Amino acid sequence: MPSSKRSSPSRAPSAQHPRGGQRPRSGPATGHSLVDQVALLLTQLRQSPQPADALLAAHFKQHRNLGPRERGAISEACFAVLRERNWFTHLAKDGPGEAAGRTRRLALLALAHTGAGVAGATPEEAVWLQQAQATAQPANLDDPMRHNLPQWLAQRLQAQLGDEAWPLAQALLTPAPLDVRVNIAKAKRSALAVSLAADGFENDSTPYSPWGLRMQGKPRLTQSDAFRQGEIEVQDEGSQLLALLVDARRGDMVADFCAGAGGKTLAMAAMMRDQGRVYAFDTSTHRLEGLQPRALRAGVRNLYPIAIAHEADERLKTLAGKMDRVLVDAPCTGLGTLRRSPDRKWRLSEAEADQYPELQARILTAAARLVKPGGRLVYATCSLLREENEDLARAFAAAHRDFEPVPVAEVLAKAKVAQAEALTHSLGPSRVEATVAAADEAASEPATASRLAPSPYLRLWPQRHGTDGFFAAVWQRRR
Ligand SMILES: C[S@@+](CC[C@H](N)C(=O)[O-])C[C@H]1O[C@@H](n2cnc3c(N)ncnc32)[C@H](O)[C@@H]1O
């Protein structure tokens, strides 16, 4: 990204806890201090191919004596380093302890930054930390320390979004909110909001999804009655909107082609009030297994999970042309979810990112065969990149004239989604998106200014909508 005069998204590590919570006073009961634990995990995160949340979960399973507060402090510190790795690495460059000490210095900075305290620091490290905090100057930093993205991704976002890449990069450095979807087959959102609040789970309605509640803080929802009774399911508001686009109706035949553990499958089944059929396909048996207990809790019985070998699996042939609704929640770079999985940006190479569109096109083409005449096809990703989104949707439409694009704003408005229009604008640098009428105006703007353009697609952005980044396109198969 080019230099920008804006203030830096990063902050000097502070000893204050950002949410004013209490610090864990001492190191955990394992005999290792928080600094030791975070340093150990940062090393493992660097070396292991496992996603950060899985690696942390395995660590906590091994150290059952860690209390919730220590677990929270360790997780927050590790995620802080993953989010702002360039900035923290810059600060931790020099100091006591040489090479091995660098990871400890990262741990110290992160624990101080999240307010957990640095019990376990040596006196020398404590002095270093104080100095680092006093001299950290977030202003005038090089761009990589401000956007905290790998260079290839920063450049691509800048090329595709213009200046809007900066607010996006900042939004990706913040933790995501905790959203739940109310299971409309079991409860009403307004009533559930009140009963959750009465049980101490403060919440607000999500701004767009009519099914969503945004929890205040990070409460342990699994301990709520609403969760045990299957009245809520944790799901980002953006994911809820994707399920709403499918508009699965009672009695429909529906295929969720890339169902995973069934987040959207369950939302569609709830819409159908358990009438009709939902086929949940996925190539991962392991992920599909996660669907069963959730379906039980939600009281859903009309699900048919089927593990397929690949998108051209023979078993799909018998269902060709029979589905009222097909959702393709395609495997993708996942860059829209970097608030939750910041490790993803460091693990994903440009070459890997460039392999997705081909797979996505193959899956979408195979899934389209299941749609019956008059039926609906929805393609979705949680990617930020055009290659996986608009480019892919346009190429599919050009090659499949029997599929007619359906403007997403219409579908959302029908589904009672607030401010539907605001969710369907594509973003781009002015020189690319400028219409002929706006060309003169665009010419007078700096080349990197961003422009919003009306689009037939859904585009959700963390910096604009507070959701994860999502894309969706909708088509109807001609009769
Ligand atoms: C974005 S995830 C789906 C998330 C899921 N829909 C949800 O709401 O939780 C993409 C899924 O596609 C699956 N997948 C990958 N290749 C596939 C293929 N060729 N055919 C079908 N599913 C595939 C992956 O196993 C993964 O579960």
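The buried residues of H15 pack against strand E4 (232-234), H13, E6, helix H14 (285-289) and strand E7 (303-307). Helices (H or I, at least four residues) and strands (E, at least two) are DSSP runs, numbered from the N terminus. The model is predicted: local features need pLDDT of at least 70, side-chain atom pairs count only at pLDDT 80 or more, and totals for chains, interfaces and linings use all residues. Residue numbers start from 1 along each chain as its sequence is written.

H15 spans residues 291-298, and its buried residues are Leu-291, Ala-295 and Ala-298. They cover an arc of only 65° around the axis, so they sit on the same side of H15. The arc is taken over the directions from the helix axis to the C-beta atoms. Pro-293 and Leu-296 are exposed on the other side of H15. A residue is buried if 20 or more other C-beta atoms lie within 10 Å of its own, exposed if 12 or fewer, and partly exposed in between, with C-beta atoms placed from the backbone. Gly-299 follows H15, and its phi is positive, near 75°.

Helix H12 (residues 237-246) presents another case. H12 is mostly covered, with 10 of its 10 residues buried. Among them are Glu-237, Gln-240, Leu-242 and Leu-245. Asp-247 follows H12 and has a positive phi, near 50°.

The chain as a whole holds 23 helices and 14 strands. It has 479 residues, of which 46% count as buried. Two residues are in contact if their C-beta atoms, placed from the backbone, lie within 7 Å. Of the contacts with a separation of 6 or more, 75% join residues 24 or more positions apart.

The largest nonpolar core has 87 residues. Such a core is a set of buried Ala, Val, Leu, Ile, Met, Phe, Trp, Tyr and Cys residues joined through C-beta atoms within 7 Å. Leu-245, Val-328 and Ala-472 touch the most other members. Not counting residues up to four places away in sequence, Ala-472 touches Leu-242, Leu-245, Val-378, Tyr-379, Ala-380, Val-408, Tyr-457 and Leu-458. A second, separate core of 33 residues includes Ile-74, Phe-79, Val-118 and Ala-121.

The ligand is surrounded by 18 residues. A residue is counted as near a molecule or strand if its C-beta atom, placed from the backbone, lies within 6 Å of it. The closest to the ligand are Cys-258, Gly-260, Gly-263, Ser-284 and Asp-329. Helix H13 (263-271) and strand E6 (277-282) each supply at least two residues of this shell. By class, the shell has 7 nonpolar, 6 polar and 5 charged residues. Here Ala, Val, Leu, Ile, Met, Phe, Trp, Tyr, Cys and Pro count as nonpolar, Asp, Glu, Lys and Arg as charged, and the others, Gly among them, as polar.

The unreviewed UniProt entry places the feature "binding site" at Asp-282 and Asp-329. Although spread over 48 residues of sequence, they cluster in space: the largest C-alpha distance is 10.4 Å. UniProt positions are given in the numbering used here, feature names are shortened, and annotations may be inferred rather than shown by experiment. Asp-282 is found in strand E6. Asp-282 is buried because 23 other C-beta atoms lie within 10 Å. Its contacts, leaving aside neighbours within four places in sequence, are Cys-258, Ala-259, Gly-260, Arg-287, Leu-288 and Ala-307. Asp-329 lies in strand E8 (residues 323-329). Asp-329 is also buried, with 26 other C-beta atoms within 10 Å. Not counting residues up to four places away in sequence, Asp-329 touches Leu-242, Cys-258, Lys-264 and Ala-380.

For "active site", the unreviewed UniProt entry lists Cys-382. Cys-382 is placed in the loop between strand E9 (371-381) and helix H19 (390-399). Cys-382 counts as buried because it has 25 C-beta neighbours inside 10 Å. Beyond residues up to four places away in sequence, Cys-382 touches Cys-332, Gly-334, Gly-336, Thr-337, Asp-468, Gly-469 and Phe-470.

Asp-343 is in helix H16 (residues 343-347). It is buried, with 22 other C-beta atoms within 10 Å. The C-alpha atoms of Asp-343 and Phe-79 are separated by 8.1 Å, although the two residues are 264 residues apart along the chain. Asp-343 touches Leu-45, Pro-51, Ala-52 and Leu-82, not counting residues up to four places away in sequence.
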